[in-house]
Amino acid sequence: MGLKVVVDMNVCQDHGQCVFAAPEVFELDDNGRLVVMVEEPDESMRSAVEDAADVCPVQAITIEG
Amino acid sequence: MTSQRVVIAGAGLGGLRTAEALRAHGFEGEIVIFGDEAHAPYNRPPLSKEALYGEISHEKLAFRVRSTATDLTWRLNDPIAGSDLDAHTVTLASGEVVSYDALVAATGVSARRLPIPGPPATAAAGRHVIRTLDDAFALRASLTPGARVVVLGAGFIGCEVAATARQLGCEVHCVAIDSHPMIRPLGIELAAELQRRHEAQGVVFHLGVGLTAFEGDDRVTGVVLSDGTELAADVVVEALGSRCNVEWLDGHGLDLTDGVLTDNALRALRDGVALDGVAAVGDIARYPNPRFDQRPWRVEHWSIPTDTGRRAATVLNAYLSETDYADIVATEWDALPAFWSDQYEIRMQSYGMPGLADADGIRLLEGDLHGECVMGYHRGEDLVGVVGIGMLKVVNGYRHEVGTATWIRERATS
């Protein structure tokens with residue numbers, strides 16, 4: 001099983017810190033709401049998405065796989 | 001080679017992130033983490049907010065641990081009491097002595113108490129602080145509608161708990177020696193606006209005054225202020241800043257006047273000389289950040305334990321594996337501090353160190369001070385910080401513009 005990024009949108013408050021850590025995976029849309037662009041990123045992105053999960057102030061991001 | 005051991009003193013965010021980063025670098029030795037609380041590392045910012053609404057358990061606040069760091073040895077409820085930096089050992093409160101190859105000081109801070117006589121400084125006596133989960137649970141039980149709450153201090157925690165207590169229907173008085181709430185990070189314009197918004201929600205401020213006495217014997221019944229005002233209170237919250245937990249490092253020539261003084265590689269300085277294999281991270285690390293200047297700063301923002309933990313792990317792994325150590329130490333590290341705060345509908349997000357701004361260096365960059373806005377904080381020509389009220393995506397756009405200091409640019413071209 002590959003890498004999978006899960007964001008609990010009931011917890012997410014759109015701080016956008018994950019966007020700085022992994023801009024290929026996360027984005028704030030025009031309304032400032034968080035969007036996961038790539039839900040199953042390549043293994044080469046592991047470090048970046050782990051960093052993104054670390055810096056989420058509300059710990060809404062989990063990494064599976 | 002025999003297995004190496006890293007001892008991490010402190011089971012908070014900084015300790016956890018350092019351990020995870022050591023594993024990410026491929027360190028295969030033993031990592032032992034000692035903590036004074038019974039809880040595994042958990043997220044503290046909700047303690048002055050959501051956790052007071054009665055919706056939060058340790059399970060909800062506990063940090064996820066990376067799947068590559070499940071083999072850490074957690075020694076919770078097992079605090080370190082002393083150290084011998086020459087013998088490379090720490091001594092636990094239980095008396096046990098544990099040796100290390102590298103040591104990480106991640107013991108964080110404790111809530112400061114006012115040294116004024118009065119009822120016992122305990123939650124049971126109505127005198128609260130907010131630092132740990134148990135503190136928040138104790139306070140939560142007291143924040144009932146109509147309760148008379150006096151908050152001492154108007155920094156981050158004081159303002160957040162005042163907002164939360166108002167939303168829970170308490171009567172809230174906020175007392176601070178400062179002229180405005182959160183004036184040190186925000187500057188006077190934004191701090192005055194924040195005060196106005198709190199007052200519109202019903203918070204009564206007593207600013208520019210100190211506390212002269214607690215009233216009550218077994219239980220606090222009120223406070224007396226330096227201007228003679230007497231306030232009745234069912235609950236007093238002491239949100240007066242912090243005290244660094246560094247006593248266990250006493251006696252070795254470290255500079256512990258304000259946390260642990262380190263170099264830019266986060267190595268503790270002993271009589272001015274960096275100690276290999278001894279790092280400080282998180283709230284207690286006082287280090288120079290060349291993004292701003294050469295002065296060492298200690299910064300208690302949520303971003304710091306993660307940033308310092310990664311830096312310390314990089315340096316320690318290089319030291320322990322004897323790989324590129326000199327180069328890694330010499331590579332300057334300039335992580336950008338960040339903070340946020342939620343009060344009522346106000347969402348505040350900051351990057352940099354706005355408190356370093358010149359008195360006349362604070363300017364509105366975007367929006368409307370009375371609505372949503374971004375303020376810029378300048379020292380000379382340098383943008384040293386930004387603070388946004390709302391406008392999250394806009395303030396995030398300024399993140400990359402904060403720093404770099406003029407002296408860096410001048411050094412690069414000289």
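User: Which residue of β20(B) stands opposite B:Leu269?
Analyst: B:Ala274 in β20(B) stands opposite B:Leu269. This is a predicted model, where local features need pLDDT of at least 70, side-chain atom pairs count only at pLDDT 80 or more, and totals for chains, interfaces and linings use all residues; side-chain values use heavy atoms, leaving out hydrogens and water. Residues are numbered from 1 along each chain as its sequence is written, while chains are lettered from A and ligands numbered from 1 in the order in which they are written.

User: Over how many bridges do β19(B) and β20(B) pair?
Analyst: Three, in the antiparallel sense; β20(B) covers residues 273-280. Strands pair if DSSP finds at least two bridges between them. Strands (E, at least two residues) and helices (H or I, at least four) are DSSP runs, numbered from the N terminus.

User: What strand order does that sheet have?
Analyst: β3-β2-β1-β7-β20-β19 in chain B, an open sheet of six strands with mixed pairing. β3 (73-75) and β19 (267-270) are the edge strands, each pairing on one side only. From one strand to the next, the twist averages 35°.

User: Which strands does α7(B) lie across?
Analyst: β1, β7, β19 and β20 of chain B, and α7(B) runs at about 115° to β20(B). Axes are lines fitted to C-alpha atoms, for helices over the stretch in contact, and angles between N-to-C directions run from 0 to 180 degrees. Contact means heavy atoms within 4.5 Å.

User: And α1(B), which strands?
Analyst: α1(B) lies across β1 (5-9), β2 (30-34), β3 and β7 (102-105) of chain B, at about 175° to β2(B).

User: At what angle do α1(B) and α7(B) cross?
Analyst: Roughly 40°, with the axes of α1 (residues 13-24) and α7 (residues 303-321) coming within 8 Å. The two helices are therefore oblique to each other; angles under 35 degrees count as roughly parallel, over 145 as roughly antiparallel, 65 to 115 as roughly perpendicular and the rest as oblique.

User: Which residues make the contact?
Analyst: Among them are B:Arg17 and B:Ala21 of α1(B), and B:Gly309 and B:Ala313 of α7(B).

User: New topic. How much area do chain B and chain A bury?
Analyst: About 1,800 Å², with 42% of it on carbon and sulfur atoms. Buried area is the accessible area (1.4 Å probe) that two parts lose on being put together, summed over both. In chain B, B:Arg64, B:Arg66 and B:Lys393 lose the most area to chain A, together 31% of what that side buries.

User: How many residues does the contact take from each chain?
Analyst: 21 from chain B and 20 from chain A.
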